[in-house]
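Biologist: Could you take me through this model, one topic at a time?

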Amino acid sequence: MPEFQAMGLIAELMAIAARTAPKAGGKDFIELKILQGETLEELAAAMARYGQESGKKNFDRDGDNVRRSDAVLLVGLKNAAKTGLDCGACGVPRCADLEQIHDGPEFAGPICAWRLMDLGIALGSAAKMAGMLNADNRIMYRIGVVARKMGLMDADVIAGIPIAATGKNIYFDR
């Protein structure tokens, strides 16, 4: 049970900040979901299992952070259209050459680099809002990997931002 009920409201304000963040061409492919309560324990346990099964480090550590959090905001990209800029930032010279999205080991891709920047800006806006409201937070890739595998959000790429209100920031000096 969260110590402060306001943490759910903070997560909602973070979601608003992510939703209204600037996006390339004004097109929005951002998906958002707030996790609280028992779902955090389920996610934390799944993160530890994934780390063990995959041999990847720090999934257990980040899972423990999730367990100790008041809420997690998931921010993802779903079916993000190419921008049509033919800029080559994705690794191919023309948008028309960018392959259809297919599942990788943790996320789906390839994805237009500008759409991935949209995701980064949305994450930064959400983290900034949490910071402005004095909620400890940290953007975590590992949360997104496992949330996607668990089907907690239907998106091609996901990152998570856990938030907590404690006497010492639980996401640093871990």
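This is a predicted model: local features need pLDDT of at least 70, side-chain atom pairs count only at pLDDT 80 or more; totals for chains, interfaces and linings use all residues.

Biologist: How many bridges join strand 5 to strand 6?

Modeller: Strand 5 is joined to strand 6 (residues 157-164) by 2 bridges, and the two run antiparallel. N137 stands opposite I163 of strand 6.

Biologist: And strand 2, buried or exposed?

Modeller: Buried, where buried means under 20% relative accessible area, exposed over 50%, and partly exposed in between (1.4 Å probe, protein chains only). In strand 2 (residues 71-77), 7 of the 7 residues are buried, so this strand is largely enclosed by the rest of the structure. Both of its faces are covered, with A71, L73, V75 and L77 on one side and V72, L74 and G76 on the other.

Biologist: How many bridges are there between strand 2 and strand 6?

Modeller: There are 7, in the antiparallel sense, and L74 stands opposite G160 of strand 6. Strand 2 also pairs with strand 1 in the antiparallel sense, over 6 bridges; there, V75 is the bridge partner of L32.

Biologist: Helices now. At what angle do helix 2 and helix 3 cross?

Modeller: The axes of helix 2 (residues 38-54) and helix 3 cross at roughly 175 degrees and come within 8 Å. Axes are lines fitted to C-alpha atoms, for helices over the stretch in contact, and angles run from 0 to 180 degrees between N-to-C directions. Helix 2 and helix 3 are therefore roughly antiparallel; angles over 145 degrees count as such, under 35 as roughly parallel, 65 to 115 as roughly perpendicular and the rest as oblique.

Biologist: Which residues make the contact?

Modeller: Contact means heavy atoms within 4.5 Å. Among the residues involved are L40, L43, M47 and Y50 of helix 2 and F59, D62 and V66 of helix 3. By class, this contact has 9 nonpolar, 2 polar and 4 charged residues. Ala, Val, Leu, Ile, Met, Phe, Trp, Tyr, Cys and Pro count as nonpolar, Asp, Glu, Lys and Arg as charged, and the others, Gly among them, as polar.

Biologist: How do helix 3 and helix 5 cross?

Modeller: Helix 3 (residues 59-67) and helix 5 (residues 141-150) have axes that come within 9 Å and cross at roughly 85 degrees. The two helices are therefore roughly perpendicular to each other. Their contact is made by F59, R61, D62 and V66 of helix 3 and Y141, R142, I143, V145 and V146 of helix 5. These residues divide into 6 nonpolar, no polar and 3 charged.

Biologist: How many aromatic pairs are there?

Modeller: The count comes to 3. Rings of Phe, Tyr and Trp (its six-membered ring) pair if their centres lie within 6.5 Å; planes under 30 degrees apart count as stacked, over 60 as edge-to-face and the rest as tilted. F59 and Y141 form an edge-to-face pair, at 6.2 Å centre to centre and 65 degrees between the planes. F59 lies in helix 3 and Y141 in helix 5, so the pair ties together parts that are 82 residues apart in sequence. F59 is buried, at 1% relative accessible area, whereas Y141 is partly exposed, at 37%.

Biologist: Which residues do the ring pairs link into a cluster?

Modeller: The cluster consists of Y50, F59, F107 and Y141.

Biologist: Last topic, the backbone. Where is the cis peptide bond?

Modeller: The cis bond joins G109 and P110, with omega about 0 degrees. P110 lies in the loop between strand 4 (108-109) and helix 4 (113-132).

Biologist: What is phi of N58?

Modeller: Phi of N58 is near 70 degrees, a positive value in a residue other than glycine. N58 is found in the loop between helix 2 and helix 3 and is partly exposed, at 29% relative accessible area.

Notes
Residues are numbered from 1 along each chain as its sequence is written. Side-chain values use heavy atoms; hydrogens and water are left out. Two strands pair if DSSP finds at least two bridges between them. Helices (H or I, at least four residues) and strands (E, at least two) are DSSP runs, numbered from the N terminus.
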